[in-house]
Amino acid sequence: MNMHATTHDELATEMGDRFDTDAMAQESTLLNPRFYTTDFDEMDRIDVSPVREEWDKLIGQMKSDPNKGHFKKNEDWDKVDWDGMDPKLKREFIDFLVSSCTAEFSGCVLYKEMKRRGTNKDICELFNYMARDEARHAGFINDALREAGVAVNLGFLTKAKKYTYFRPKFIYYATYLSEKIGYARYITIYRHLEANPDKRFHPIFKWFREWCNDEFSHGEAFALLMRTDPKLTESFTNKLWIRFFLTAVYSTMYVRDHARPEFHKALGVDIDWYDQEVFRKTSEIAKQVFPMELDIDHPRWMPNLKRMETAFRKMEAAEKQGGLGGRLAKLGAMTSAALAFVSIYTIPVKKSTPPASVRLEPAY
Ligand SMILES: [Fe+2]
Ligand SMILES: [Fe+2]
């Protein structure tokens, strides 16, 4: 595994004192990237024969490692003026980098564990390549953070972070979505900055195109895994689960992005526009395997996302306030967030039929 950016003790001593990035990365709230564990034996039993042809092609692509030399700083890496950066922007941008790094690394840990525990050649091979990519991604972000005098201590994080157990099928839904949403997020920012290069306030964004192609193929792999067992996407209960995951992942992203107004302002991105754009791309792609998409133009959609976002902000304020008043306020905010979630979850979905051939190529 390529962990060039993470000699742990070295990073620990490099930690800046202004930003407690380890604490930031370690926080396990509903909104922060999580670490997952699953039933690795069950996953090891997956038989990819029903999708063999497409599988071999995808694995062949990953094996050829098109991004092998990509995640290295080169002459395109402009000097970053961290000291001249507006403090609010700096704080949000570091928060963005830390949470992206944590998310990348959380994928790496899960994939590596699957590779380590498995005996199934196909599965181990896939997870090995995906862990390789995620380690590079996390390492590259950490390189960027280090220039700001901070870095996430990834080794420490693996031990300190709480792990959430998900059954394999939930791992498929959640991870598939996070890979595809990752692709959509990176490519949307990349295309936006391609059109508005003056808004590119940090060189890391130049790396996003090849980067998102990795995420795209990881998503493809999960799409193929889901195709090995039609029940996963066709049974009544699983459809409800898919709908749940779509709703949860989208609304989490909305709330999280809105917590970084300065960051998006600096990029010249309207957050509502950006999020809708990412949802639209992700939904379009996800039709390759999910038999539905959320109706993000429904009149209940946006107002309830906003309600949820307000509720989360109130929850945070209530926590800071503490005492009985704080607890009551928090309860009120949680209820409001839950109601907003239910309102979104019950918006009728747009049904669709996934195509016979599951595979897609990145098209945005
Ligand atoms: Fe990644
Ligand atoms: Fe990925």
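These legends describe views of a predicted model. Local features need pLDDT of at least 70 and side-chain atom pairs count only at pLDDT 80 or more, while totals for chains, interfaces and linings use all residues. Residues are numbered from 1 along each chain as its sequence is written, with chains lettered from A and ligands numbered from 1 in the order in which they are written.

View 1. Helices (H or I, at least four residues) and strands (E, at least two) are DSSP runs, numbered from the N terminus. The C-alpha atoms fill a box of roughly 55 × 45 × 40 Å along the principal axes.

**View 2. The largest nonpolar core, with 85 residues.** Such a core is a set of buried Ala, Val, Leu, Ile, Met, Phe, Trp, Tyr and Cys residues joined through C-beta atoms within 7 Å. A residue is buried if 20 or more other C-beta atoms, placed from the backbone, lie within 10 Å of its own. Buried residues are 38% of the 364 in the protein. Leu97, Cys101 and Leu145 have the most contacts inside this core.

**View 3. Surroundings of leucine 97.** Neighbours within four places in sequence aside, leucine 97 is in contact with Ile141, Ala144 and Leu145 (contact: C-beta atoms, placed from the backbone, within 7 Å).

**View 4. Helix 11 (residues 236-258) against helix 14 (residues 301-321).** Their axes, lines fitted to C-alpha atoms over the stretch in contact, come within 9 Å and cross at roughly 55 degrees. Ser251, Tyr254, Val255 and His258 of helix 11 meet Leu305, Met308, Glu309 and Phe312 of helix 14 in this contact.

How values were computed: Buried ≥ 20, exposed ≤ 12 C-beta atoms within 10 Å, placed from the backbone. Contact = placed C-beta atoms within 7 Å. Axes fitted to C-alpha atoms, helices over the stretch in contact; angles between N-to-C directions.
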